[in-house]
Amino acid sequence: MISHIASICSFLIEINNTVDMTTTRRQFIKLGALSAGSVTLAGSSFNWTTASSLFENQKSVASDRTPTYCEVCFWQCAGWVYKDENGEIQKIIGNDDDPHCNGRFCPRGTGGVGQYSDTDRLKTPMIRTRTDGVDSFREVGWDEALDYIADRMKEISSKYGPECVALFTHGSGGSHFGQMLKAFGSQSVTAPSFAQCRGPREVGFLTTFGDIIYSPERTDIRDTRCLVLIGSHIGENMHNGQIQEMSDAIDKGATIITVDPRFSTAASKSKYWLPIKPSTDMALLLSWMNVLIENGWYDKDYIARYAHGFEELKEHVKKYTPEWAYGITTIDPNIIRRTAKEMFDASPAVIIHPGRHVTWYGDDTQRLRAVAILNALLGSWGRRGGFYNPEKAKVPEFPVPAFPIPKHLPTEAYKGKYKLANEVVSNGICDATIPTPDKNCSYKIWIVNGTNLLAALPDQEQTKRAIEALELLVVVDTMPAEITGFADVILPECSYLERYDMLRKSPHREPNIAIRVPAVSPKYNSMPADWMAKKLAEKLGLGAWFPWKDMEEHLDWQLKEIGSSLEEMKRIGVKKFPRMHDNLYFAPGEDVTFNTNTGKIELYSTDMEAEGFDPMPVYTAHEEPPEGFYRLIYGRAPMHTFSRTANNPNLTDLMDENTLWVNPKVAKIWGLKAGQYVKLKNQDEKTSSFSIKVRITERIRWDSVYMVHGFGHNNKKLSRAYGRGINDTELITRVKVDPVMGGTGMRGNFVTFVFENEKAGKEAES
Amino acid sequence: MRYAMAVDTKKCVGCSDCVVACQTENKVPIGYCRDWVVEVTDGTYPQLEIEIRSERCNHCDNSPCVRCCPTGASHYAEGGIVLVTPEKCIGCGACIASCPYDARYPHPDGYVDKCTFCLENRVKKGLDPACVSVCPTKCMYFGDLDDPNSPVSIVLKKRKWKTLIPEAGTMPQLYFLI
């Protein structure tokens, strides 16, 4: 039996005596540090009748289950919240009609109740105050907090224009605050999910096929005969629909080929595992192209009909033979040929998976171009078992006035750079916040919602420099994540189980919508993002952009426009609609025009060429670890999402710290013992704040170490997460920026073991 | 009637969804679990194999826990499912010591607790146990071995399987597809 010993942490109310930030204007405040003059809610002039009436209706419709869609990750599975006899949330179960989850939640969704029940949650609004040179937070009422923000926004924007406000967001709150921001006059809305994650694949596929991958991915895994994963560890990344379909594919006998320096869970399910030398994936991809073309193992009719630049590609990849790739990748040339043949034999029901977190080495868009080209050669785009054409339910927006046109757009923050980025580049906004003499676009206010930027953006020092330059930082979150320690104002958001949000209407095989209805009233003095954004907009004189009384009215209007209603959605949770077009796959021989400059699938990219980039991917050698150092590889665990679940009581029960995977040969050299704690130091002399438990395993190469991202929190208010493991982001000080779209390559950092003061974190507590 | 479960080690990814679904369904207190995941790695890099198993009480036909229980709290229920009656349990722990699978734990309320195959709260209502119904990989099969058309009977006929510690002679009813 697994022994789960609950961790009991001392609940320190700490007077602020941080030393690391005392030289700066903005001191990091540990949230325990409430100032002596903290007021309680009684002092608030806020009209509570209004707020509570928001939730009165719920009680009248209370039934045994309430529909929601999950917010623990971006997959947003729709499910049902069940309450026990005491009215407390007991369990959350998937909605059978939901194509994202097919009635089966993943561990994070099942444990999502912990996002609600976590007693470490942010409980009331707070404003930074300074007494005797020491910063602390003062608890305030909602009216005071929102008045403060509105006054500061007006004051600061009167000097710099409304474009000086940026919104960093990840999750459902983004649409509410985005509406407020656009009404205010700024379009700088950005999410780390682009430039820190899936951006390169979207741009790589956009420049090849004229369309992106979307979320959920349009991969037709359930009907594929061959699935190729490159660094994508489905099964450890718990993207629900992908896992489910991979399992279906295993049942149907599909061939899985996994390319990974680590023996991932997916690798263990694969017919072929290619234990590639890290950072050399491009060489393998190019040699696969070489093999497919040289042997005629490609879809000749498809290429002739749809592709642009085949002859150029053929010439281009001639030199990239499997023997050439062998010396770079360490993969046996015969295996390269055999796996290429497997792909061709399965084609067009083959998927070279585009992955999701693909910001690795700075040439990531080009690597994803190579992935796209392989799929094109095999004719899998638009084919059953390859990539289907998703369709989204069309839901009209609640009518509001036109948004003001900003004097400058967010792209001016990184003018002349990242020209093929199709979304706002978060690190571009962050960099532009740091004043330089030659910049005409800088940000003075950040609103940060649902993303812990200190863990999401690499190069923490750069993020701190940007924060230091701000005149106002508003953080909206459910948890005291590190970013809250830098805030001027903290707004406690209620969990997804306590609020309405906009309809989920992501693209899928069948267009569908899902609704989120509060199962319970917001705990403590937290509030939903939609309410905060609307109230703030009203205080800014922007009420015209929030003309609805509340979300119920908003949603009901939208739903009635498409022949449903709030009442119906509360009963069914998910509604599917027929496709407008019968084009899930291309018909045989169908004429297809692609949304590219040539109207064809661009093996040779005219967009890349026009912007001065290689029109066809080339191999670039990346730096290798110096002696005594190991490449830092990070990834996911199925029971956690980013750094946001590290304190969830249900999920920390499954995994409460990350471990450092070390090959036994490396362990022997360093005399490491399984279970001992070590600190890590990177190539820039940056040492980790905490220590990490060593896991000696054959599953990792000897030139790399591996850890799960999202641990090593340094806010003591996160009682279950504080000091547990290492925060990989802290060690990612060297960032390889992708010139094509601004993606931050994070796999070029190298670490070594440090044995001084390693008793920090979990071990020190025992 | 003979209830049994099969777990497909070829599909299980070890995500522990079965663990948390069991905890929320059966109100297992945080810090305890009725089911758990075992990962076994064999070989040296790069010749490796992993077996991942979602484990729980084996609901043995010849259960040492039932035999050694001094109060009759541990007993066979419908379909051979091994249950504990909390009211009869004195928390002596003899059953915990006797179980070769380490499937039982002392509940903080003073009795011994374990997997029930969700007999009362789900199976009797025609539902699968919580772990089976939540699993994203659909790697678990549950049903009546006496019914040749039950999912578990079908999959055990079709696939190669093993049980854990068969030499203990407990006749376990938790099967692992290999």
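How many residues of domain 1 of chain A are in contact with how many residues of domain 2 of chain A? In this predicted model, 18 residues of domain 1 are in contact with 23 residues of domain 2.

- The domain assignment of chain A gives domain 1 as residues 213–390 + 587–610, and domain 2 as residues 630–765.
- On the domain 1 side, the residues that touch domain 2 comprise seven nonpolar, seven polar and four charged residues.
- The centres of the two domains, taken over C-alpha atoms, are separated by 30 Å.

**The largest nonpolar core**
- The largest nonpolar core has 273 residues, and those that touch the most other members are A:Leu227, A:Met289, A:Leu374 and A:Val474.
- Helix α9 of chain A, residues 281–294, gives the most to this core, with 10 residues.
- This core lies between domain 1 and domain 2 of chain A, because both give residues to it.
- In soluble globular proteins, nonpolar side chains tend to be buried together.
- Leaving aside residues up to four places away in sequence, A:Val474 touches A:Ile149, A:Ile447, A:Ala487, A:Asp488, A:Val489 and A:Leu491.

**Helix α5 of chain A**
- Helix α5 covers residues 173–184 and has 12 residues.
- From its first C-alpha to its last, helix α5 reaches 17 Å, close to the 16 Å expected at 1.5 Å a residue.
- Of the 12 residues of α5(A), 10 are buried, so the helix is largely enclosed by the rest of the structure.
- Among the buried residues of α5(A) are A:Gly173, A:His176, A:Phe177, A:Leu181, A:Lys182 and A:Phe184.
- The elements of chain A that cover these buried residues include the strands β6 (165–169), β7 (189–190), β13 (445–449) and β14 (472–477), together with helix α18 (529–539).
- After α5(A) comes A:Gly185, which has a positive phi, near 120°.

**A:Gly111**
- A:Gly111 sits in the loop between α2 (107–110) and α3 (113–117) of chain A.
- A residue counts as buried if 20 or more other C-beta atoms lie within 10 Å of its own. A:Gly111 has 31 other C-beta atoms within 10 Å, so it is buried.
- Not counting residues up to four places away in sequence, A:Gly111 touches A:Asn648, A:Asn650 and A:Leu651, and also B:Val20.
- A:Gly111 and A:Leu651 are 540 residues apart along the chain, while their C-alpha atoms are separated by 6.1 Å.

Conventions. Residues numbered from 1 in each chain as written. Chains lettered and ligands numbered in written order. Predicted model: local features only at pLDDT ≥ 70, side-chain atom pairs only at ≥ 80, totals over all residues. Core = buried A, V, L, I, M, F, W, Y, C linked by C-beta atoms within 7 Å. Helix = DSSP H or I, 4+ residues; strand = E, 2+ residues; numbered from the N terminus. Domains from an automatic or database assignment. Contact = placed C-beta atoms within 7 Å. Expected span 1.5 Å × (residues − 1). Nonpolar A, V, L, I, M, F, W, Y, C, P; charged D, E, K, R; others polar.
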